[in-house]
Structure formats: structure tokens, C-alpha cells
Protein chains: 2
Amino acid sequence: MENAASVQCATDRPNETGVGSQAAKIELHEAFALVGKALANPHRLEMLDVLAQEERSVEVLAGRAAISVALASAHLQALRRAGLVASRRDGNRIVYRLANDDVYRLLTALRTVAGGLAEAEQAARRLLGTPVEAVSREELLARVRAGDAVIVDLRPAEEYEAGHIAGALSIPLPELEARLAELPTDLEVVAYCRGPYCAMSPEGVALLERHGRRACRLVDGFPEWRLAGLPVRDGREDG
Amino acid sequence: MENAASVQCATDRPNETGVGSQAAKIELHEAFALVGKALANPHRLEMLDVLAQEERSVEVLAGRAAISVALASAHLQALRRAGLVASRRDGNRIVYRLANDDVYRLLTALRTVAGGLAEAEQAARRLLGTPVEAVSREELLARVRAGDAVIVDLRPAEEYEAGHIAGALSIPLPELEARLAELPTDLEVVAYCRGPYCAMSPEGVALLERHGRRACRLVDGFPEWRLAGLPVRDGREDG
DNA sequence: GAACTATTCAAACAAGTCGTAGAATAGCAG
DNA sequence: CTGCTATTCTACGACTTGTTTGAATAGTTC
């Protein structure tokens with residue numbers, strides 16, 4: 001088979017097909033690969049995952065990824081060069097955030113594809129434990145509207161403050177057992193957390209079921225809910 | 001990179017918050033990073049782009065990416081390890097294809113994010129030339145249904161055969177000037193090609209306009225159309 | 001089976017990336 | 001200004017990736 005793709009029409013215009021555009025095509029793929037390279041390191045992916053919930057300082061990100069501050073800083077600059085994060089100064093510290101919503105969509109697409117790998121499936125089983133029943137965003141909305149379910153946000157209070165599903169109750173996972181009385185016994189509890197690969201909601205559901213409650217989890221987490229355009233609140237609007 | 005596989009995790013409860021799940025989280029992000037690494041090379045991205053249109057042999061892929069067959073083979077194995085491509089044997093040759101539709105979605109997300117980078121914008125300008133008017137898939141469908149437009153597929157005939165927008169006419173770009181008579185003069189021509197970073201439809205539109213035709217391009221290409229669930233045909237069903 | 005083709009494997013080296021440790025910088029509190 | 005904190009920069013070794021070359025393999029054709 002011959003290489004039929006490239007060399008055709010030779011006009012004098014800037015966007016002709018030929019040698020010049022072959023070089024441009026290579027440069028374009030090199031530019032795309034810059035973003036690919038940014039996604040090629042587990043620490044960077046973990047920091048992006050943390051930033052998907054809320055903006056964070058370098059020190060906090062380093063702690064969450066279990067790496068030194070200097071290394072976290074270097075990785076964050078790599079992410080910034082690739083256009084994945086942005087930062088602002090807040091007094092003495094620099095606070096990083098995801099550059100835009102497309103970055104989270106990219107992260108979701110990456111996880112969807114990677115989720116099929118044997119390595120990922122095995123790690124996910126170890127992280128999430130026995131699978132628990134999960135409902136879609138649409139199903140959750142329907143149950144809440146019908147008065148059949150109550151939504152519980154199991155993330156740390158700080159992340160709840162930064163943004164949560166409208167109408168959700170904040171009960172951070174470590175406090176869940178002590179605060180069971182706050183949950184109505186006649187409704188199903190739908191728990192959610194950071195996303196599909198966060199262990200908090202499966203653990204919370206397991207705990208609720210051990211206490212005889214009907215419970216399930218939302219398939220994904222708060223970032224997906226927000227990106228789907230569904231109703232959200234934050235600490236300034238609603239408690 | 002350190003290999004902390006499987007040594008930790010001393011609890012007997014599968015999904016407990018603590019050391020074991022910390023290790024699982026790291027492994028999970030390492031698994032995601034495997035896919036990131038696969039996206040970290042311009043040659044691999046170019047081959048994925050080619051495969052988005054149609055399955056291809058190693059030799060053809062090597063030619064399109066302008067690299068040796070041995071190198072292309074090595075890159076394809078890297079892509080296969082990451083679950084991005086699959087292959088089958090066809091007589092004497094091995095034919096590779098994208099592993100599934102999620103891979104194309106990932107590629108699209110990557111390009112969307114990377115498209116904002118200065119490097120990518122510059123390369124895109126060089127590749128695509130002066131921007132031409134572009135219409136969305138919905139707008140295109142509406143114009144065709146109203147009888148206002150005709151759709152032209154500018155890709156090589158082989159790719160048209162492998163799948164095209166229902167109702168589109170196949171006029172490969174090199175033949176366009178010679179085959180102008182086949183296009184009705186009273187309708188607008190909507191051209192499409194491989195995708196948003198393919199130079200064929202901007203070039204085709206420019207050529208049509210030089211010949212006094214009303215023309216514009218579809219913002220993206222055939223793969224996006226197919227993934228959106230819009231009507232498609234292939235060589236066996238329609239000519 | 002022999003000759004042929006397409007693809008993959010193996011070895012080797014250059015170039016790039018990751019992580020560590022310690023120094024340097026920028027803003028804040030006094 | 002001085003000391004303090006958070007972050008970034010620099011330099012270096014260990015490791016990984018990209019590429020080339022030539023040989024090995026699997027399947028086809030005669």
C-alpha cells in the first residue's frame with residue numbers, strides 16, 4: 001500500500017497541503033503531547049484529583065500526595081506549563097486550582113479508559129472494597145423529588161463548604177457513626193463523596209447498612225454533579 | 001519510580017481507611033498514569049488520530065507518522081499495553097484499531113484542553129490556514145433537512161468507504177476542483193474531513209469559495225459525528 | 001519446503017524525567 | 001530591618017523512554 005496521504009495541491013497560499021503543513025502537523029501533535037506528558041505521572045494525577053474538589057495550597061497538596069513540598073511544587077509547575085492548573089496568591093501562600101472544567105472532563109475520560117486496565121481494576125477493588133449499590137445522578141434526583149431519599153455528603157466539612165449538591169446534609173465519614181440519629185430512619189440514604197474512585201461513600205454505605213439503614217451511593221461524586229449542570233450550593237448560600 | 005506493590009495493606013477488612021487504602025490509591029493513580037504515559041508522545045498521538053478514521057496496518061501507520069516500521073510497532077505495543085488500541089491479523093498483516101469509543105473521547109478531551117496552549121494554537125494556525133466559517137452538527141442537520149445544503153466528504157475514498165455521514169457525497173480533496181460540476185450551484189456546500197485539526201475541509205472550503213460557491217465546513221469530523229449517534233453509512237450500504 | 005512479506009524482538013545508546021537535598025526568594029509579622 | 005513561613009530554584013544521581021540497527025518470527029505464495 002502506498003502512502004497516499006500528504007503531498008497534493010501546490011498553491012502559494014499559507015495553508016497548502018505539503019511539506020509546511022506536515023511540519024505543522026508534527027508540531028500540533030507535539031503540543032498535544034505536552035498535555036499527555038503532564039498526565040504521565042501518578043503524583044500529578046493525584047494532585048489533579050485533589051484539586052477537582054477545591055483549590056489548595058502547595059503544602060496541602062504535598063501532604064495529600066505524600067511527597068515533599070519541593071517535589072509537589074515542581075509537579076505543579078509542570079501542570080501549569082501544560083495548562084492544567086492555574087494559581088493565585090493568597091497572603092503568604094500560593095493556591096492552585098484546575099485551570100477550567102475541560103481539565104476535569106479530560107481527567108474523567110482518562111479514568112474511564114484506564115478503568116478497563118487490569119492494574120486499575122485490581123487497585124480499585126482494593127481501594128473501594130466490596131461493591132455497593134450505586135445510583136445515577138438522574139435516579140438520585142428522581143428519588144429525592146419523590147421524597148424517598150435523603151442525600152448525605154461524606155467529604156470533609158471544608159470540601160462541603162466549597163460546594164455541594166443542593167439539599168445534601170454534611171456528615172463527614174469519621175463522624176457518621178456518631179451522628180446516625182440525624183438521619184431519618186424511614187428514608188433511603190444516598191451517600192456521595194469525591195468521585196467514582198473515592199472510598200468514602202462505599203465505606204459510608206457499608207456502615208449504614210451495618211446499622212440497619214437502607215443506603216446506596218451515587219455512582220460518581222460532586223465534580224461530576226456540578227459539571228452536569230445539576231443544582232449545587234456552597235457554604236455562603238446554604239448550611 | 002518506586003514499586004510499592006502489594007507489600008502493605010495489613011488490615012483484614014478490605015475497605016478500611018488507612019495504610020492499605022493509601023497504597024491502593026497510589027496504585028490506582030499509577031494505573032491511570034499508564035494511560036497518561038501512552039498519551040505522552042507525539043508519534044503515538046498521531047497514530048491514534050489516524051486510527052480514529054479507520055483500522056490500519058503497521059506499515060501504513062508508520063508511513064503516516066513518518067517513522068520506521070520497527071518504531072511504529074514499538075509504539076503500537078505501548079498503546080496496546082495501555083488499552084488504547086487492539087489488533088487483529090488479516091492475512092499477512094496485523095491491523096490495529098482504537099480499542100473502543102472511550103479512547104476517541106479521551107483523545108478529544110486531550111485536544112480540547114491542549115488546544116488552549118500557545119504552542120497548539122500556533123501550530124493549528126499554520127496547519128489550518130485562515131479560519132473558515134464552521135457549522136455545528138445540529139446546524140448542518142437542520143440545513144440539510146431544510147434542503148439548503150449538500151454535504152461533501154473530502155477524505156480519501158478509502159476512509160469514506162469505511163464510514164461516512166449519511167447522505168454525504170465523496171469527493172476527495174485532490175479531485176475537488178475537477179469535479180465541481182457534480183455539486184449543485186444553488187445549494188451551500190458543507191465540507192467535512194477527519195476532525196477539527198484536519199486541514200482538508202478548510203482547504204476545500206477555500207477552493208469552493210474561489211470558484212464562487214457558498215461553502216462552509218463542519219466544526220469537527222466524521223468520528224465526532226458517529227460518536228454523537230447521528231446517522232452514518234458505509235461502503236456496503238450506500239455509494 | 002523455499003522464498004517472500006509484514007511484523008516483532010533484542011541490544012545499545014542518547015536524551016529526558018523523577019526524586020532528593022540544600023540554597024534562594026517573596027511576602028508577612030513584628 | 002529581622003526573623004519567619006511558604007514556595008521555588010539548582011544540581012545531581014538513578015531510572016525510564018525514544019530511537020536505530022540488525023536479527024528473529026509468523027504467515028503467505030509458489
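My entries follow, one topic at a time, and I kept in mind throughout that this is a predicted model.

**Entry: DNA strand C**

I began with the surroundings of DNA strand C and found 22 residues there. The closest are A:Asn41, B:Ser57, B:Glu59, B:Ser73 and B:Arg93. Next I looked up the elements that give two or more residues to this surface: chain A supplies α4 (69-81), while chain B supplies α3 (58-65), α4 (69-81) and β3 (93-98). Which element gives the most to the surface near DNA strand C? I noted α4(B), with five residues. By class, the residues of this surface are 10 nonpolar, nine polar and three charged.

**Entry: DNA strand D**

I then turned to DNA strand D, which has 25 residues around it. Those that come nearest are A:Ser57, A:Glu59, A:Ala70, A:Ser73 and A:Arg93. For the elements that give two or more residues here, I wrote down α3 (58-65), α4 and β3 (93-98) of chain A, along with α4 of chain B. On this surface α4(A) gives the most, with five residues.

**Entry: where the chains touch**

**Entry: helix α2 of chain A**

I checked the length of helix α2 (residues 42-53) of chain A, which has 12 residues. At 1.5 Å a residue it should span 16 Å, and its end C-alpha atoms are 18 Å apart, so the two agree. Is α2(A) mostly covered or mostly open? It is mostly covered, as 12 of its 12 residues are buried. Charged names turn up on the buried list too, including A:Arg44, A:Glu46 and A:Asp49.

**Entry: the open sheet of chain A**

I traced an open sheet of five strands in chain A, with the order β4-β9-β8-β5-β7 and parallel pairing. Its edge strands are β4 (134-135) and β7 (169-170), and each pairs on one side only. I followed β4(A) to its partner: two bridges join it to strand β9 (residues 215-218) of chain A, and the two run parallel. Within that pair, A:Ala134 stands opposite A:Arg217. Helix α9 (residues 200-210) of chain A lies across β8 (188-192) and β9 of chain A, and runs at about 170 degrees to β9(A).

**Entry: the hairpin of chain B**

In chain B I looked at strand β2 (residues 85-90), which six bridges join to β3(B) in an antiparallel run. The bridge partner of B:Ala86 in β3(B) is B:Arg97. Two residues lie between the strands of this hairpin, and B:Gly91 takes a positive phi near 60 degrees.

**Entry: residue 66 in both chains**

A:Ala66 has a positive phi of about 55 degrees although it is not a glycine, and A:Ala66 lies in the loop between α3 and α4 of chain A. B:Ala66 has a positive phi of about 60 degrees, and its place is the loop between α3 and α4 of chain B. Is A:Ala66 buried or exposed? A:Ala66 is exposed, because 12 other C-beta atoms lie within 10 Å. B:Ala66 counts as partly exposed, because it has 14 C-beta neighbours inside 10 Å.

**Entry: A:Ala157**

With 13 C-beta neighbours inside 10 Å, A:Ala157 counts as partly exposed. Leaving aside neighbours within four places in sequence, I found A:Ala157 in contact with A:Ser170 and A:Pro172. I also took the distance from A:Ala157 to A:Tyr197: they are 40 residues apart in sequence and 19 Å apart in space, C-alpha to C-alpha.

Technical notes. Residues are numbered from 1 along each chain as its sequence is written. Chains are lettered from A and ligands numbered from 1 in the order in which they are written. This is a predicted model: local features need pLDDT of at least 70, side-chain atom pairs count only at pLDDT 80 or more; totals for chains, interfaces and linings use all residues. A residue is near a molecule or strand if its C-beta atom, placed from the backbone, lies within 6 Å of it. Helices (H or I, at least four residues) and strands (E, at least two) are DSSP runs, numbered from the N terminus. The expected span of a helix is 1.5 Å times one less than its number of residues. A residue is buried if 20 or more other C-beta atoms lie within 10 Å of its own, exposed if 12 or fewer, and partly exposed in between; C-beta atoms are placed from the backbone. Two strands pair if DSSP finds at least two bridges between them. Two residues are in contact if their C-beta atoms, placed from the backbone, lie within 7 Å. Axes are lines fitted to C-alpha atoms, for helices over the stretch in contact, and angles run from 0 to 180 degrees between N-to-C directions.
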